[in-house]
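Colleague: I am new to this structure and would like to learn how to read it. Please take me through the features in turn.

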Amino acid sequence: LFFSISQVLSSQDLSPAYYAHYTTKEVFQDGSVKLTKGEIFYRSVEKQLVYKNLIPSPQSIVIQDSLLRVYESNKLQNSFPYPNLLDFSIFHLILTSKLKDYGLHDTPFQIVETKKERGVVLTRWEVPHKTKSSLKAFEMAQKDGKLVGLIGLGENDQVISGFFSFSKSYC
């Protein structure tokens, strides 16, 4: 995964937008490979994240509030409910100077367990009360002060989102 982050002004309304170029390579269990290349735009005022996929096919994905919308040829193809995790995006955390704790200290989540396994610090964050949100908990993995994994969990600890940084030094 490769990112380069820059700041631009959006031509639509001149609100600040931060963007990154990205390339991802996914290797599936059957051995097949998928390459995706494009740009990500984060509009800080609107808290809107836009993925403009160029490869394998042109497509835009817009995430705002609790909705994910998919566009092809500038036409809405589909929309889905989506957990509002933009406050935890790398862009938002950098802009609000909350990268150190990944923004979790300013949420209803509280640390309920911390343990260390093979040099990796594992921390579980949960909401201490009932909530309507589909997001019930986070599990974070850090090695040498660096985030190497973060997963969002729903009911019965079902994984609903995740980020992992795999490296031989973390295993």
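Colleague: What share of the residues in the protein chain is buried?

Modeller: Buried means under 20% relative accessible area, exposed means over 50%, and partly exposed lies in between (1.4 Å probe, protein chains only). Of the 171 residues in the protein chain, 32% are buried. This is a predicted model, in which local features need pLDDT of at least 70, side-chain atom pairs count only at pLDDT 80 or more, and totals for chains, interfaces and linings use all residues. Residues are numbered from 1 along each chain as its sequence is written, and side-chain values use heavy atoms, with hydrogens and water left out.

Colleague: What average pLDDT does the protein chain have?

Modeller: pLDDT is the predictor's confidence in each residue, from 0 to 100. The protein chain averages 77, and 72% of the residues score at least 70. Over residues 1–14 the pLDDT stays under 50.

Colleague: How many helices and strands are there?

Modeller: Both are DSSP runs, numbered from the N terminus: helices are H or I with at least four residues, strands are E with at least two. The protein chain has one helix and twelve strands. Their order from the N terminus is β-β-β-β-β-β-β-α-β-β-β-β-β.

Colleague: Which residues make up the largest nonpolar core?

Modeller: In soluble globular proteins, nonpolar side chains tend to be buried together. A nonpolar core is a set of buried Ala, Val, Leu, Ile, Met, Phe, Trp, Tyr and Cys residues joined through side-chain atoms within 4.5 Å. Here the largest one has nine residues: Tyr-22, Ile-40, Tyr-42, Leu-49, Ile-61, Ile-63, Leu-68, Val-70 and Leu-86. At least two residues of this core come from each of β3 (33–43), β5 (59–64) and β6 (67–72). Another core, of seven residues, lies apart from it and includes Trp-125, Val-127, Phe-138 and Leu-150.

Colleague: Where does Val-127 lie, and which residues does Val-127 touch?

Modeller: Val-127 is in the loop between β9 (120–126) and β10 (137–143). Val-127 counts as buried because its relative accessibility is 14%. A contact means heavy atoms within 4.5 Å. Leaving out residues up to four places away in sequence, Val-127 touches Pro-108, Phe-109 and Lys-136. Ile-111 is 16 residues from Val-127 in sequence, and their C-alpha atoms are 9.0 Å apart.

Colleague: Is Ile-55 buried, partly exposed or exposed?

Modeller: Ile-55 has 38% relative accessibility, so this residue counts as partly exposed. Ile-55 belongs to strand β4 (residues 48–55).
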